[in-house]
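Subject: Structure handover

Hi,

Please find the structure below. My notes on what turned up follow it.

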Amino acid sequence: MADTALMPIPGNIDPVPTPREVTPRADGRVDLIGLPKKRIAELFEAAGLDAKAAKLRAKQVFHWLYHRGVTQFEAMTDIAKTMRPWLATRFVIGRPEVVLAQHSSDGTRKWLLRTDDGQEFEMVFIPDADRGTLCVSSQVGCTLNCRFCHTGTMRLVRNLTPGEIVGQVMLARDALGEWPKGGGTMAGLDDDEDEGSYSADGRLLTNIVMMGMGEPLYNFDNVRDALKLVMDGDGLALSKRRITLSTSGVVPMMERCGDEIGVNLAVSLHAVSKDVRDEIVPINRKYGLEELLQACADYPGASNARRITFEYVMLKDKNDSDEDARELVRLIRKYKLPAKVNLIPFNPWPGALYECSTPERVRRFSEIVFEAGISAPVRTPRGRDIDAACGQLKTAAKKLSRAELDRLAEEKQAALG
Ligand code: SAH
Ligand code: SF4
């Protein structure tokens with residue numbers, strides 16, 4: 001059990017720098033997952049290797065961890081037999097603990113995971129005809145409280161560490177059996193034999209979206225460090241073009257996201273007027289629509305080939321009129337945004353205040369945007385039967401009453417200042 005005190009989040013609103021110190025475990029060993037190669041070399045050197053050996057071993061170990069997916073030093077066959085126990089007494093290769101693995105009738109899979117200090121969070125895998133997308137969490141819960149999102153009703157929030165973030169990708173590869181032969185498999189994960197293969201290298205997991213629990217740009221450093229490991233050519237080697245980060249609109253961090261991570265950007269827009277967005281996406285009171293759209297226009301790397309995705313949840317009689325659709329088009333044009341729009345039918349959860357727009361309304365809205373030359377597909381909800389669809393992720397067993405939900409929303413909104 002690691003000795004990890006709850007990582008405090010100093011202030012709800014401004015981006016929280018959370019440099020990750022290596023967390024010593026109760027047994028004194030250090031978990032290598034989540035650390036860059038350079039840091040691994042430093043630790044090896046501090047443990048007694050000379051600089052050159054430390055660097056070489058770090059390179060080898062990194063390859064075994066992220067390319068081969070092994071979870072035991074004993075399996076690292078190009079490392080001297082005597083060296084392996086030396087490593088194993090000082091270091092571990094961690095994974096988030098799997099509490100529950102669920103399988104939807106549509107093939108979507110959801111895992112309830114637990115950190116070393118007992119915090120629960122979720123990840124979801126969505127297989128499609130031509131891709132497989134892993135929906136990764138960045139926080140336990142979310143400090144924001146978008147009115148239609150179940151995650152926003154979680155009181156407890158803690159940033160996930162780089163290891164816990166990249167650990168989700170590692171676990172997914174474990175579960176899908178996608179490490180090169182001889183790679184790690186973990187007990188407790190049910191491997192599927194026959195789900196077909198999508199990518200050129202035969203892997204099911206082709207894309208990553210930072211759209212699980214939490215606001216990734218409130219956990220910027222850890223998300224960046226984790227995604228760097230995901231993109232590292234010596235390791236998991238996923239292209240940044242296959243990774244999308246979704247933000248509710250943390251404007252001050254958007255430029256750094258483009259510069260320092262360089263992944264595709266999705267923005268949870270959901271409304272086109274100040275009034276409605278203030279209500280349903282409360283961070284709008286802090287960073288308004290104009291500021292947000294300007295930050296999108298300035299997003300490093302956005303182009304017609306790499307469009308910004310605007311997510312728009314369809315809420316009956318709230319944001320789904322023809323005028324809303326036309327205003328959306330006007331704003332996209334005004335800011336000359338290389339944009340596509342994803343229309344998300346609202347996924348209900350117990351106690352939610354909204355209903356989903358009718359299918360006809362969603363279709364009409366989509367047509368108006370589409371007729372203006374902007375792609376506006378309607379996303380099919382996936383994994384609803386296991387509460388794996390957008391906005392349904394919420395662990396903490398305790399169900400809050402309507403009055404408690406309202407109080408929580410007020411508290412979180414007050415924190416927005
Ligand atoms: N916090 C980030 C990423 C996680 S949410 C963000 O807000 O962008 C992923 C997407 O699901 C967001 O667009 C979010 O607004 C949307 N979503 C939340 N609750 C939903 C619900 N009940 N039905 C449909 N989509 C929802
Ligand atoms: Fe947080 Fe995103 Fe849910 Fe809003 S939609 S409460 S930002 S997870």
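Start with a loop. Ala237 sits between α5 (220-231) and β10 (243-247); helices (H or I, at least four residues) and strands (E, at least two) are DSSP runs, numbered from the N terminus. Its phi is near 55°, positive although the residue is not glycine. Most residues other than glycine have a negative phi. Ala237 is partly exposed, at 42% relative accessible area (buried is under 20%, exposed over 50%, partly exposed in between; 1.4 Å probe, protein chains only).

On provenance: this is a predicted model, where local features need pLDDT of at least 70, side-chain atom pairs count only at pLDDT 80 or more, and totals for chains, interfaces and linings use all residues. Residues are numbered from 1 along each chain as its sequence is written, chains are lettered from A and ligands numbered from 1 in the order in which they are written, and side-chain values use heavy atoms, without hydrogens and water.

Lys336 also has a positive phi, near 50°. Lys336 is in the loop between α9 (322-334) and β13. Lys336 is exposed, at 72% relative accessibility.

Strand β13 (residues 339-345) holds Lys340. Lys340 is partly exposed, at 36%. With Arg131, Arg242 and Arg307, Lys340 forms a positive surface patch (residues with over 30% relative accessible area and no salt bridge, like charges joined within 9 Å).

Now helix α6 (residues 251-261). Val251, Met253, Met254, Cys257, Gly258 and Ile261 are buried there. They fall within an arc of 145° seen down the axis, so they line one face of α6. Glu255 and Asp259 are exposed on the other side.

Best wishes

Technical notes
Patch = residues over 30% accessible without salt bridge, like charges linked within 9 Å, V, L, I, M, F, W, Y side chains within 5 Å. Areas by Shrake-Rupley, 256 points an atom, 1.4 Å probe, with all protein chains shown as cover. Salt bridge = Lys/Arg side-chain N within 4 Å of Asp/Glu carboxyl O. Lys, Arg positive; Asp, Glu negative; His and termini not counted. Charge placed at Lys NZ, Arg CZ, Asp CG, Glu CD. Arc of directions from axis to C-beta.
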